[in-house]
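Reader: I have a structure to go through and I'm new to this. Can we take it step by step?

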Amino acid sequence: MRGLCALRVIAPVKSVVRSCVLIPVNKTGRVHIQCLSTKMPTLSPPPQSLMKPMDFPQKLLMGPGPSNCPPRVLNASALPLLGHLHPEFTQIMDEVKAGIQYAFQTKNQWTVCVSGTGHGAMEAACTNLLEPSETVLVCENGLWGQRFADMCTRNGAVVQKIIKPMGQVFTLQDVEAGLQQHKPVLVFVTHGESSGSTLQPLEGLGQLCHKYNSLLLVDSVAACGGVPLFVDDWEIDAIYTGAQKVLSAPPGASPVSFSERAKNKVLNRKTPIRSYYFDMTHLANYWGCDGSARRYHHTGPISSVYAIREGLARLAEEGLEKSWETHRKCAEMLWEGAEKLGLELLVQEKANRLPCVTGIKVPEGVNWKDVSDYAMKTYKVEISGGLGAQAGKIWRVGIMGYNATPENVQKVLRALDEGLKSVRAITSALLTYKFIGLIASSVDLTF
């Protein structure tokens, strides 16, 4: 048997050896090796924008979200990474779970953070709680009812709606009529509708839904932590919120909680959950909710979990009642200040106003963006415009979490006041100029 020999194939630096072919030369067993190579493709140059540090100003985010993060939350985001199943990290996950249960005022076993923004939490609720051909009743009074209805349709559910204009809320009678007519397995309602700046009353809704064998799902992204919320006492079956609002953490990890009724609905499905990523049976295990050893499902957003842990810790230290009071007082300061400026609020009924996001009507003849641009340019303060049916018609001012201070409210009011005066002065000057031009063009200046 012949001994083994090593062959060394050398190719030019900027080429790739694709294959080698052994070509027999004669009967002695000698071979000729022919290697085929091609030139390596030309690399595109690295983007020059990445060759320098990021540069951006400090802004006061007084829109509907995200809100500014306190230093302790930003510092937590910068902590060293741990493995997503390391015991030190699962301990932090347990602390986050306890914080969510406190914020929601629930003892629900299935309480987790979805790895994603509030939209991810919304989609998780949809894909877990609804099966194809099941009927869902969506209470739509703004953008978030529209979004949830879209998700339900994509998941094969039958969507029925009761609709109110932005700025209005639903009564128990409204919902009961929908329950009687459509017999849904799930009712969706938005607690804090940030597009319409409404605060939906929730007391009695859970009991009403259960009377008709329906589950109640609540979107509390723009409300949780800023207004009273009692998930267990109000018999809410499923609820979710976001990190970037009252919790003042970066978006990326979103709290979700399912009641026993909702949990049993998921466990007794006839069809598989359409999303692997948002499958609550897997997420409940990963978050230590089912009593079994945690299994790998996905790599959790470790730094985001650190951050929301600190956001929840901040809320726990302040206390829910104090947080609710702070948001209410700051909102009332904004409402009174806006009315003193001659501005009108979108939501007329004070009890139905969302303290966390206020809708202010844009006066006739004023371009909302001119005022918002003035606030940003002069004060680095964000004041957002309306969405959907209210686009161009309202400003939306957010007062959430770390940003809920009288000083920030005063800065917003000052920016609105000066911005309106500036825009009106420019508009008046332009009208005067046009009027003078019109007069000049109509006068015969020949002699």
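Author: A definition to begin with: helices (H or I, at least four residues) and strands (E, at least two) are DSSP runs, numbered from the N terminus. This is a predicted model, where local features need pLDDT of at least 70 and side-chain atom pairs count only at pLDDT 80 or more, while totals for chains, interfaces and linings use all residues. Residues are numbered from 1 along each chain as its sequence is written, and side-chain values use heavy atoms, with hydrogens and water left out.

Reader: OK. Where do E260 and K263 lie?

Author: Both E260 and K263 are in helix α7, three residues apart, which is about one turn of the helix. Their side chains form a salt bridge, 3.9 Å from N to O. A salt bridge here is a side-chain nitrogen of Lys or Arg within 4 Å of a carboxyl oxygen of Asp or Glu.

Reader: Is K263 buried or exposed?

Author: K263 counts as buried, at 15% relative accessibility. Buried means under 20% relative accessible area, exposed over 50%, and partly exposed in between (1.4 Å probe, protein chains only). E260, at 44%, is partly exposed.

Reader: How many salt bridges does the structure hold?

Author: There are 16 salt bridges. One of them pairs E134 with K265, with the closest N and O atoms 2.9 Å apart.

Reader: Why does that pair tie together parts of the chain that are 131 residues apart in sequence?

Author: E134 sits in the loop between α3 (118–129) and β5 (135–140), and K265 is in helix α7 (residues 260–267), so the bridge spans that separation in sequence. E134 is buried at 18% relative accessibility, and K265 is buried at 17%.

Reader: Switching to α4. What span should its 12 residues have?

Author: Helix α4 (residues 143–154) should span 16 Å, and its end C-alpha atoms are 17 Å apart, which agrees. The expected span is 1.5 Å times one less than the number of residues in the helix.

Reader: Which residues of α4 are buried, and what do they pack against?

Author: The buried ones are L143, W144, G145, F148, A149, M151 and C152. They pack against α3, β5, β6, β7 (186–190), β8 (192–193) and β10 (215–219). Contact means heavy atoms within 4.5 Å.

Reader: And what follows α4?

Author: G156 follows α4, and its phi is positive, near 85°.
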